[in-house]
Amino acid sequence: MAATPESSLEDPLRSFVRLGSGTGAVGLMAATLGADVVVTDLEELQDLLKMNINMNKHLVTGSVQAKGGRNRRLSFSTRLHTDGGLHIL
């Protein structure tokens with residue numbers, strides 16, 4: 001069954017974390033479809049992530065925010081404790 005924009009990101013699949021986001025393109029696309037996304041990457045990519053979010057914020061119907069840096073690093077080995085409402089994208 002093909003997902004439609006109306007049905008593809010309905011609850012409970014609405015909140016996502018994108019690890020190693022790079023430019024943030026995948027997270028931004030999910031946010032344009034209504035998801036709430038946290039894009040993460042290394043400190044040296046934070047300016048690029050924030051610039052791309054700012055340049056595309058007019059397309060976002062959900063929410064997107066950049067996190068990361070030296071003191072807030074998430075990796076694929078980090079244990080995420082959630083209530084089941086957060087998904088890794």
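**Chatting about helix 3**

Me: Hi! Is Met 51 buried, partly exposed or exposed, and why?
Reply: Met 51 counts as partly exposed, because its relative accessibility is 42% and that class sits between the cut-offs of 20% and 50%. Keep in mind that this is a predicted model.

Me: Thanks! Where is Met 51 found?
Reply: You'll find Met 51 in helix 3, which covers residues 46-56.

Me: And which residues make the nonpolar surface patch?
Reply: Leu 48, Met 51 and Met 55 make that patch, and its area is about 270 Å².

Me: OK, on to Asn 52. Where is that one placed?
Reply: Asn 52 is in helix 3 too.

Me: Buried or exposed, and why?
Reply: Asn 52 counts as buried, because its relative accessibility is 15% and the cut-off for buried is under 20%.

Me: What is Asn 52 in contact with, leaving aside neighbours within four places in sequence?
Reply: With those neighbours left aside, Asn 52 touches Thr 23 and Leu 28.

Me: Let's zoom out. How many helices and strands does the chain have?
Reply: There are three helices and four strands. Along the sequence they follow the pattern α-β-α-β-α-β-β.

Me: What share of the residues counts as buried?
Reply: Of the chain's 89 residues, 28% count as buried.

Me: What about the accessible surface of the chain?
Reply: That surface comes to about 6,000 Å², and carbon and sulfur atoms hold 55% of it.

Me: Last one: among contacts with a separation of 6 or more, what share joins residues 24 or more positions apart?
Reply: Such pairs account for 63% of those contacts in the chain.

How values were computed:
Residues are numbered from 1 along each chain as its sequence is written. This is a predicted model: local features need pLDDT of at least 70, side-chain atom pairs count only at pLDDT 80 or more; totals for chains, interfaces and linings use all residues. Side-chain values use heavy atoms; hydrogens and water are left out. Patches are made of residues with over 30% relative accessible area and no salt bridge: like charges are joined within 9 Å, nonpolar side chains (Val, Leu, Ile, Met, Phe, Trp, Tyr) within 5 Å. Accessible areas come from the Shrake-Rupley method with a 1.4 Å probe; for residues, only the protein chains shown count as cover. A salt bridge is a side-chain nitrogen of Lys or Arg within 4 Å of a carboxyl oxygen of Asp or Glu. Helices (H or I, at least four residues) and strands (E, at least two) are DSSP runs, numbered from the N terminus. Buried means under 20% relative accessible area, exposed over 50%, partly exposed in between (1.4 Å probe, protein chains only). Contact means heavy atoms within 4.5 Å.
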